[in-house]
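Hi everyone, thanks for making time. I'd like to walk you through one structure today, so please have a look at it while I talk.

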Amino acid sequence: MSIIDQARTDFAASIVDWSETLTVKRLVPTYDDAGLPAVAESTVATVDGAWQPVDGQTMREEAGLKEKSSSQVFVPYDTDIEEEDKVYRADGSVEYVNYVRKWQTH
């Protein structure tokens with residue numbers, strides 16, 4: 001097993017101690033019976049992850065755009081999550097994904 005694979009395995013095992021079930025949803029285009037476009041929200045993943053508040057300072061600055069975040073979410077490396085997805089907690093709170101950073105280990 002490579003060092004990266006071992007780190008991913010270790011992260012997945014450790015996240016159980018401080019994680020909660022999170023649901024990742026994505027807007028997908030659909031069409032109604034008349035063929036008119038509509039948008040529906042579809043669940044793409046349900047994972048154990050860690051939802052942590054951050055101070056709301058600039059997290060990323062790129063091409064003249066500054067993005068601020070009120071929280072960050074840690075999920076296993078292979079989770080299907082993209083910018084513009086929404087992450088839901090069991091209590092009903094939701095966060096809009098404005099940036100995805102994939103580390104090799106998680």
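Let me start with a term: when I say contact, I mean heavy atoms within 4.5 Å. With that in hand, among contacts in the protein chain between residues at least 6 apart in sequence, 52% join residues at least 24 apart. Please keep in mind that this is a predicted model.

Now the overall layout. The protein chain has 1 helix and 7 strands, and reading from the N terminus the order is α-β-β-β-β-β-β-β. The chain has 106 residues, and 22% of them count as buried. Its accessible surface comes to about 7300 Å², with 50% of that belonging to carbon and sulfur atoms.

On to the sheet. In what order do the 5 strands of the open sheet come? The order is E5-E2-E1-E6-E7, with antiparallel pairing. Strand E5, residues 71-74, and strand E7, residues 94-96, stand at the edges; each has a single partner strand, so one side of each is left without a neighbour in the sheet. From one strand to the next, the twist averages 40°.

Let's look at strand E1, and at its two pairings in turn. E1 and E2 form a hairpin with 5 residues between them. In that turn, Gly35 has a positive phi of about 85°. As a reminder for anyone colouring faces, side chains in a regular strand alternate between the two faces of the sheet.

Next, the charged pairs. Side chains of opposite charge can pair when their charged atoms come close. The count here comes to 5 salt bridges, and I'll go through some of them.

Take Arg89 and Glu20, whose side chains meet in a salt bridge at 2.8 Å, N to O. This pair links distant parts of the chain: Arg89 is in the loop between E6 and E7, Glu20 is in strand E1, and they are 69 residues apart. How accessible are the two partners? Arg89 counts as partly exposed at 24% relative accessibility, and Glu20 is also partly exposed, with a relative accessible area of 24%.

Then there is Arg26. Which side chain does Arg26 meet in a salt bridge at 3.6 Å, N to O? That one is Glu82. Arg26 lies in strand E1 and Glu82 in the loop between E5 and E6, so the pair ties together parts that are 56 residues apart in sequence. Is Arg26 buried or exposed? Arg26 is buried, with a relative accessible area of 15%, because buried here means under 20%. Glu82, by contrast, is partly exposed, at 40%.

Arg26 also meets Asp85 in a salt bridge, at 2.8 Å, N to O. Once again distant parts of the chain are linked: Arg26 is in strand E1, Asp85 is in the loop between E5 and E6, and 59 residues separate them. Asp85 is buried, with a relative accessible area of 1%. Through shared partners, salt bridges join Arg26, Asp80, Glu82 and Asp85 into one network.

One last stop, in the loop between E5 and E6, where we find Glu84. Glu84 is exposed, with a relative accessible area of 57%. Which residues does Glu84 contact, leaving aside its neighbours within four places in sequence? They are Tyr96 and Val97. Glu84 and Asn98 are 14 residues apart in sequence, and their C-alpha atoms lie 6.0 Å apart in space.

To recap: an open sheet in the order E5-E2-E1-E6-E7, a hairpin formed by E1 and E2, and a salt-bridge network that includes Arg26 and Asp85.

Technical notes: Residues numbered from 1 in each chain as written. Predicted model: local features only at pLDDT ≥ 70, side-chain atom pairs only at ≥ 80, totals over all residues. Heavy atoms only, no water. Helix = DSSP H or I, 4+ residues; strand = E, 2+ residues; numbered from the N terminus. Buried < 20%, exposed > 50% of the residue type's maximum accessible area, 1.4 Å probe, protein only. Areas by Shrake-Rupley, 256 points an atom, 1.4 Å probe, with all protein chains shown as cover. Pairing = 2+ DSSP bridges. Axes fitted to C-alpha atoms, helices over the stretch in contact; angles between N-to-C directions. Salt bridge = Lys/Arg side-chain N within 4 Å of Asp/Glu carboxyl O.
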